[in-house]
Amino acid sequence: MTSNPPAAQPTGIDPRSPRFGATVTAVLLLVAVFLALTAPLADTLPARAGQPAFVLLVVVAALFAWGAFAGIRRHPYGIVFRRLIRPMLGPPVELEAPEPPTFAQGVGLVVVAIGLVLHLVGLPGSLAVSAGAAFVAAFLNAAFGFCLGCRLYVLLLRARLIGRPA
């Protein structure tokens, strides 16, 4: 009796998972923009670091870092999608490579981190601008499936500025 070899696990990810994550991120970023625009100007570093928009963007930055360094498959939004949402949906039409959305998480981290640092040094409006820029990217992915960070990844790959993973 011969046994069949185990079926190979697909190497891609469900493309709806990053879109779900982008939707949650877009909502958080929109709240951060609102909080940043309505907050009074803070004169001291502790006051700036304690503003609600700053705290929320630190959380968003931590989530971006999680996705960028641990990988998109280990991101909390991905886990929620796989366990709670994907079972209610049909299988995806196709899978996508995890590297572009993982790279996009890093891009989001850089954008939000720049705003956080500029806010701490006292540049007015930096939180709103960085959260707004990240919101636009997250919204484009959530609403239209257009991932700016993923496009940047492909462009850098084609320009041979980054290499293909092993």
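Buried means under 20% relative accessible area. By that cut-off, Tyr 77, Gly 78 and Phe 81 are buried in helix H4, residues 76-85, of this predicted model. Their directions cover an arc of only 100° around the axis, so they lie on the same side of H4. An α-helix has 3.6 residues a turn, so residues three or four places apart point the same way.

The other side of H4 carries Arg 83 and Leu 84, both exposed.

## H3 against H5

H3 also packs on H5, at an angle of about 150° and with the axes 8 Å apart. Angles over 145 degrees count as roughly antiparallel, so H3 is roughly antiparallel to H5. Their crossing is left-handed.

On the H3 side, the contact includes Phe 54, Leu 57, Phe 64 and Phe 69. H5 contributes residues including Leu 109, Val 112, Leu 116 and His 119. By class, the contact of H3 with H5 has 13 nonpolar residues, 6 polar and no charged.

## H5 against H7

Helix H5 (residues 99-120) also meets helix H7 (residues 148-158). Their axes come within 7 Å and cross at roughly 110°. The range 65 to 115 degrees counts as roughly perpendicular, so H5 is roughly perpendicular to H7.

From H5, the residues in contact are Glu 99, Pro 100, Pro 101, Phe 103, Ala 104 and Val 107. From H7, they are Gly 149, Cys 150, Leu 152, Tyr 153 and Leu 156. This contact divides into 9 nonpolar, 1 polar and 1 charged residues.

Definitions and conventions. Residues numbered from 1 in each chain as written. Predicted model: local features only at pLDDT ≥ 70, side-chain atom pairs only at ≥ 80, totals over all residues. Heavy atoms only, no water. Axes fitted to C-alpha atoms, helices over the stretch in contact; angles between N-to-C directions. Helix = DSSP H or I, 4+ residues; strand = E, 2+ residues; numbered from the N terminus. Parallel < 35°, antiparallel > 145°, perpendicular 65-115°, else oblique. Contact = heavy atoms within 4.5 Å. Nonpolar A, V, L, I, M, F, W, Y, C, P; charged D, E, K, R; others polar. Buried < 20%, exposed > 50% of the residue type's maximum accessible area, 1.4 Å probe, protein only. Arc of directions from axis to C-beta. Left-handed = near helix turned anticlockwise from the far one by under 90°.
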